[in-house]
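Please look over the sequence and the structure shown here before reading the briefing that follows.

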Amino acid sequence: MSAGEKPKIGVFGAGWVGLVTGACFAELGHEVIVRDVLPERIAALESGRVPLHEPELPELLERNRERLTFTLEVDDAVSAPIMFVCVGTPPTYSGDADLSAVWTVVDQLPELEERAILVMKSTVPVGTGEKVRAALDARGLAHVGYVSNPEFLSEGSAVRDFMHPDRVVVGAFTEADGAAVTALYEPLETTVVQADVASAEMIKLAANAFLMTRISFINEIANVCEATGADVVKVAEGVGLDHRLGPHFLRAGIGWGGSCFPKDGVALKQLASNSGYHFQLLNAVIEVNELQKRRVVGKLAKHLGSLRGKTIALLGLAFKPNTNDMRDAPSLILAPRLLAEGAVVRGWDPVALEEAKQALRGVELSETLLEALTDADGAVIVTEWDELSGLLTSELRDAMRTPLIVDGRNLLDPGEARAAGFVYESIGRAAHDLDVLPETEEPETKLHQ
Ligand SMILES: NC(=O)c1ccc[n+]([C@@H]2O[C@H](COP(=O)([O-])OP(=O)(O)OC[C@H]3O[C@@H](n4cnc5c(N)ncnc54)[C@H](O)[C@@H]3O)[C@@H](O)[C@H]2O)c1
């Protein structure tokens, strides 16, 4: 590599993190080789198809086609002096992170003659870097550097998050390796947090755990709001304006799901207990989140009585808007819960129907909102897709057997929903219920007619 030339980059894993990392470094002028083990994924990428739904990613891949190579071969990826590990680290039955894909990458590294750096973007337990370092040394690969560079992107805004990060964390065993990875991010003009490897690993786990804590906290406040007549949306606004607290992740709802929080929360809990520490707060945060989803069933039953034989439409099946990722989506908890109550369950999602077919057994999937809502006894907003902002039409209301909406994401305005003729339940907005609901039992009575 001549002076000024950007180093070639290898990426292991063509999932959300790997593809976004590869595409963004290509956009920054690097030649990038992305390796995956799934032949169909590599074939799709080679033919210009993007195997996952992520805004801006298809355009970015297309624009940088010349600089991107997709391969099934380890040897292609290791031709790069800097190699990012972006493979999955799903949970095991014990709750610990499954690092088998990470170890496969490490174990499959051939005898590299040139100096190279392995950069860990996958989320891994604290101590993984030390173990990989020892394994590399034992294999005579002491000249292969190791850097922890955890990824903080969010699905749905992954490209923007990568290109405009709040910070980049670089944990290295040697200054030179840290500097080489830091240099890759120079064009992004962001703050780089230089750390030791263990601290870099912990920053990622702690950041996720803190975000989860904020969500469970505001959800518990929402539940107390419901019991006491306050409005959690107003409360969150007032709390979030405190500069010591900030407004983010204070939106009450039915709790988190997804490819990261559930597994990373449990992995940190297990990491702590494996080290002899009982992480009480995190245990409570996780439990609050599990219970939060189930409150939806009570809200439906409040209006419908027994759910046996009732048709309930779940609106939004992916774990969040703008992704087709169904990993640990709240819909995966709600659907079986409702089926167990004897309900007929329908599901609608603008992009994740294919994925839902495999993940949601026993659920009738609908292509359109109208199809999902026709003759339904109730609808639950599970994921706040933009499309659902237009739910309050007379056509959809009249199509429902009973026009009941349980808004699990506080997406709609309670006053507007009721003015449009819907019976409306949300999360933690009792103040609105008290303000707007008529004093009689009329809405409930109507429902049972
Ligand atoms: N998805 C997110 O929002 C996000 C955000 C930050 C961090 N992370 C972390 O990044 C890592 C990757 O997450 P993801 O969502 O991209 O996972 P993913 O499941 O979407 O992608 C992982 C990919 O790695 C491939 N793979 C498995 N073994 C391989 C090997 N030996 N060589 C090359 N490829 C291999 C898989 O086939 C898959 O395509 C995880 O540790 C995750 O916790 C994810």
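Helices (H or I, at least four residues) and strands (E, at least two) are DSSP runs, numbered from the N terminus. This is a predicted model, in which local features need pLDDT of at least 70 and side-chain atom pairs count only at pLDDT 80 or more, while totals for chains, interfaces and linings use all residues. Residues are numbered from 1 along each chain as its sequence is written, and side-chain values use heavy atoms, with hydrogens and water left out.

**Helix H13**

- Gly 342, which comes just after H13, has a positive phi of about 90°.

**Two loop residues with positive phi**

- Most residues other than glycine have a negative phi.
- Glu 189, in the loop between helix H8 (175–184) and strand E8 (192–195), has a positive phi near 45° although the residue is not a glycine, and Glu 189 is exposed, with a relative accessible area of 74%.
- Phe 249, in the loop between helix H10 (232–240) and helix H11 (261–274), has a phi near 55°, again a positive value in a residue other than glycine, and Phe 249 is partly exposed, with a relative accessible area of 36%.

**Cavities**

- On a 1 Å grid over the protein atoms alone, a cavity is a set of points where a 1.4 Å probe fits but cannot get out, a pocket is an open set with protein on both sides within 12 Å along at least five of seven lines, and lining residues have an atom within 4 Å of a point.
- Two cavities of 30 Å³ or more are held in the structure, a volume being the space filled by probe spheres set on the grid points, which are joined across faces, edges and corners.
- The largest cavity has a volume of about 50 Å³, and the largest share of its lining, five residues, comes from H11.
- The residues that line the largest cavity include Thr 89, Leu 205, Lys 263 and Asp 264.
- The second largest cavity holds about 40 Å³ of space, and helix H9 (residues 197–228) gives the largest share of its lining, three residues.
- Among the residues that line the second largest cavity are Met 120, Ser 148, Glu 201 and Lys 204.

**The second largest pocket**

- About 370 Å³ of space lies in the second largest pocket, which is lined by 18 residues, with Pro 262, Lys 263, Val 266, Glu 290 and Asp 328 nearest its centre.
- H11, H12 and H13 are the elements that give two or more residues to the lining of this pocket, and the largest share, five residues, comes from H12.

Key: Buried < 20%, exposed > 50% of the residue type's maximum accessible area, 1.4 Å probe, protein only.
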